[in-house]
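Please keep the viewer open as you read.

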Amino acid sequence: MQIKVSKTKNKLYGQTSVPADKSISHRSIMFGSLAKGKTHVKNFLTSADCISTLNIMKTLGVEINFIKETELEIISEGKFISPQKPLDCGNSGTTTRLISGILARCPFTSILIGDESLSSRPMKRIITPLSMMGADIKSQDFKLPLTITGKNLNGITYNSPLASAQVKSCVLLAGLQAEGTTKVIEPYQSRNHTELMLEYMGANIKYKDNVTEITKSELTPQDIEVVGDISSAAYLIAAGLIVPDSEIIIKNVGLNPTRTGIIDVVKKMGGNIEILNETTISNEKTGDLKIKYSKLKGTEISKDIIPRLIDEIPIIAVLASVAEGTTVIKDAQDLRNKESDRIKSVATELKKIGANIKETPDGLIIEGKKSLNGDAEINTYHDHRLAMSLYIAGLICEKEILINDFEWTKISFPNFEKNINLLFS
């Protein structure tokens, strides 16, 4: 689907909300399926990625019923049946990597497949630690499809070469079923939704900073309410900051400290953003965000903050393109292994609309400009985050832009365009 985006003549004003957190929604289905009994989930994200996880758990014999559009119950025996067909992960790296940790101990053989984009993404990062634990995994040059034959597993201490919540979560889920203690040590702390939900459901888990330990545990069903996704909120935050005279409030946004790097960067760039009504829901921090139009300045983004905003770098690049001065993004080489090579794709497409942006091996250098030209046809590379970032850029471009394959936004934000339009006044 191709859409047109034109410079808006209106400000953004009022209150809105964002879809449920994608990371937490995935985990609610998987962890609820691991728990024996009935788990109740509210505000589940019914995006394509999360539905991939849901369908896989159903194929593994778990009963999952929707009570309302975003509310469901999971009824499980805490164990799974042998799948009679390959398990299709769609476009979801989270599904693939986390479910691999679960399947590594199951007493059957399963095959994980995915779409063209997912099938090009690296899986050695999970195959290596799982194999160290005794798992039997066969692959095509460390990519999908993966054939996993369940084996008895032993706990390990794994020094992860990268800070990745998907890798950490995969190892912890294997450790949940392994003999002995499993410890994961990261170079920097990655997002910790897995630790928080496992703790909430009664797992024997300890975590501090970049070190997490788990021992064999049984999970207890719980009521889980999924908070709003800060990664989805990032696009509305950006729009509120760069569309003149805007002032918006985004309700119920997840404020997990391992995910709030976008807020820290916005403040560092001089953005007017305020946190209101903080509380905790299902072991996750949440609150409302108030954003006002701001004159932004360039900054440097590197090292331990990168895992806290890795998904937000495309929209941060848009902010940097119209900020005063230079923004340097470093230590973000894992962006090359996302739905697209996000370093290359962000640089390529923002250049088309007039941004002064340079690709580096591990990031981007962006010289801010007063305005962006537009007048270009944009490719999205099957990447939902790139599509939404470029849409926000289009709201301030001098001339209209065309965005190809915009339907990929359904991966994480099904009603994105409608949500934006409701804020125009």
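Which residues line the largest cavity? Point 1 takes that up, after a word on the model. This is a predicted model, where local features need pLDDT of at least 70 and side-chain atom pairs count only at pLDDT 80 or more, while totals for chains, interfaces and linings use all residues. Residues are numbered from 1 along each chain as its sequence is written, and side-chain values use heavy atoms, with hydrogens and water left out.

1. The largest cavity is lined by Ile24, His193, Leu196, Met197, Tyr200, Ile224, Ser282 and Glu284. Its space is about 50 Å³. (On a 1 Å grid over the protein atoms alone, a cavity is a set of points where a 1.4 Å probe fits but cannot get out, and lining residues have an atom within 4 Å of a point.) Helix H6 (residues 193–200) gives the largest share of this lining, 4 residues. By class, the lining has 5 nonpolar, 2 polar and 1 charged residues.

2. In the whole structure, a search finds 2 cavities of 30 Å³ or more.

3. Now for the largest pocket, which holds about 690 Å³ of space. (A pocket is an open set of points with protein on both sides within 12 Å along at least five of seven lines.) It is lined by 37 residues, and the closest to its centre are Ala163, Ser164, Ile310, Asp334 and Lys338. Helices H1 (22–34), H3 (93–103) and H5 (165–175) each supply at least two lining residues. The lining has 17 charged, 10 polar and 10 nonpolar residues.

4. Have a look at H1 again, beside helix H2 (residues 48–59): they pack at about 5°, with axes 9 Å apart. H1 and H2 are therefore roughly parallel to each other (angles under 35 degrees count as such). In this contact (heavy atoms within 4.5 Å), H1 uses residues including His26, Ile29 and Met30, and H2 residues including Cys50, Leu54 and Met57.

5. Finally, an open sheet of 4 strands runs in the order S2-S15-S17-S16, with mixed pairing (two strands pair if DSSP finds at least two bridges between them). Its edge strands are S2 (13–17) and S16 (272–281). S2 pairs with S15 (residues 247–254) in the parallel sense over 5 bridges, and Gln15 stands opposite Ile249 in S15. Helix H7 (residues 230–242) lies across S2, S15, S16 and S17 (284–292), running at about 170° to S15.

Key: Points joined across faces, edges and corners; volume = space filled by probe spheres on them. Nonpolar A, V, L, I, M, F, W, Y, C, P; charged D, E, K, R; others polar. Axes fitted to C-alpha atoms, helices over the stretch in contact; angles between N-to-C directions. Parallel < 35°, antiparallel > 145°, perpendicular 65-115°, else oblique.
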